[in-house]
Amino acid sequence: MNTHDPLFWLVIITAIIALSFLVIASAMIAMAVFVNRAVKSVNRLEARLEPLMTRATALSEQGTAIAVQGRQIAEQFNVMSGHLSTATMHLSESAALIKDEVRGIMALADETAEMAHEKVHLVSRAIDTTHERVMDTTEFIQRKVIEPAREMAAVLAGVKRGLEVLVAPSPSPINSSYGDEEMFIG
């Protein structure tokens, strides 16, 4: 073929266009594979978070139960101290016996307060641990899923724009000559 022949250049241009379509098709297949991998990663992460959320719910229920027990103990302690006050007012002759009872109640109150203090620390540590894990998981999702998804969206927007440019209709040819005033851009 002769390079001055228009058919030669038409064949070259057609080959370039076909090659471009092959490159675009392979890029789209690669993007589909990456999106599929990202979806699988998100599903695995969701499966890993499920037990953590279950444990957090169980810890919350335990904390509620501990709070209810603490309230019941406080109510019982209030009732007992009221009875003891009444008994000391009416039974001054049995002061020694009442003192022994008060000492026992105070020891019980100290033990109860100490136990409640330990339970509060236990719940506090559990909540702190759960919070740290949730924050770590959130950061992991941000780094491994959301940021790559944003990048993928930007790439897809660029590909879409490129396809719009490639598919856009060609400009109409200029059939008439323009005067100097018509050619002026200002």
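Mentor: Contact means heavy atoms within 4.5 Å. Please keep this in mind as we discuss this predicted model.

Trainee: With which residues is Thr137 in contact, leaving aside its neighbours within four places in sequence?

Mentor: Those residues are Leu45, Leu49 and Leu52. Thr137 itself lies in helix 2, which covers residues 95–167.

Trainee: Why is Thr137 called buried?

Mentor: The relative accessible area of Thr137 is 14%. Buried means under 20%, and therefore Thr137 is classed as buried.

Trainee: What makes Val35 count as partly exposed?

Mentor: Val35 has a relative accessibility of 38%. Buried requires a value under 20% and exposed a value over 50%, with partly exposed in between. The value for Val35 lies between these limits, so Val35 counts as partly exposed.

Trainee: Where is Val35 found, and what separates its C-alpha atom from that of Met152?

Mentor: Val35 is found in helix 1, residues 6–90. The C-alpha atoms of Val35 and Met152 are separated by 8.1 Å, although the two residues are 117 residues apart along the chain.

Trainee: What share of the contacts in the chain with a separation of 6 or more comes from residues 24 or more positions apart?

Mentor: Such residues account for 72% of those contacts.

Trainee: What makes α-α-α the description of the chain?

Mentor: The chain has 3 helices and 0 strands, and its elements run α-α-α from the N terminus on.

Trainee: How much of the chain is buried?

Mentor: Buried residues make up 8% of its 186 residues. The accessible surface of the chain comes to about 15,500 Å², and 65% of that surface belongs to carbon and sulfur atoms.

Key:
Residues are numbered from 1 along each chain as its sequence is written. This is a predicted model: local features need pLDDT of at least 70, side-chain atom pairs count only at pLDDT 80 or more; totals for chains, interfaces and linings use all residues. Side-chain values use heavy atoms; hydrogens and water are left out. Helices (H or I, at least four residues) and strands (E, at least two) are DSSP runs, numbered from the N terminus. Buried means under 20% relative accessible area, exposed over 50%, partly exposed in between (1.4 Å probe, protein chains only). Accessible areas come from the Shrake-Rupley method with a 1.4 Å probe; for residues, only the protein chains shown count as cover.
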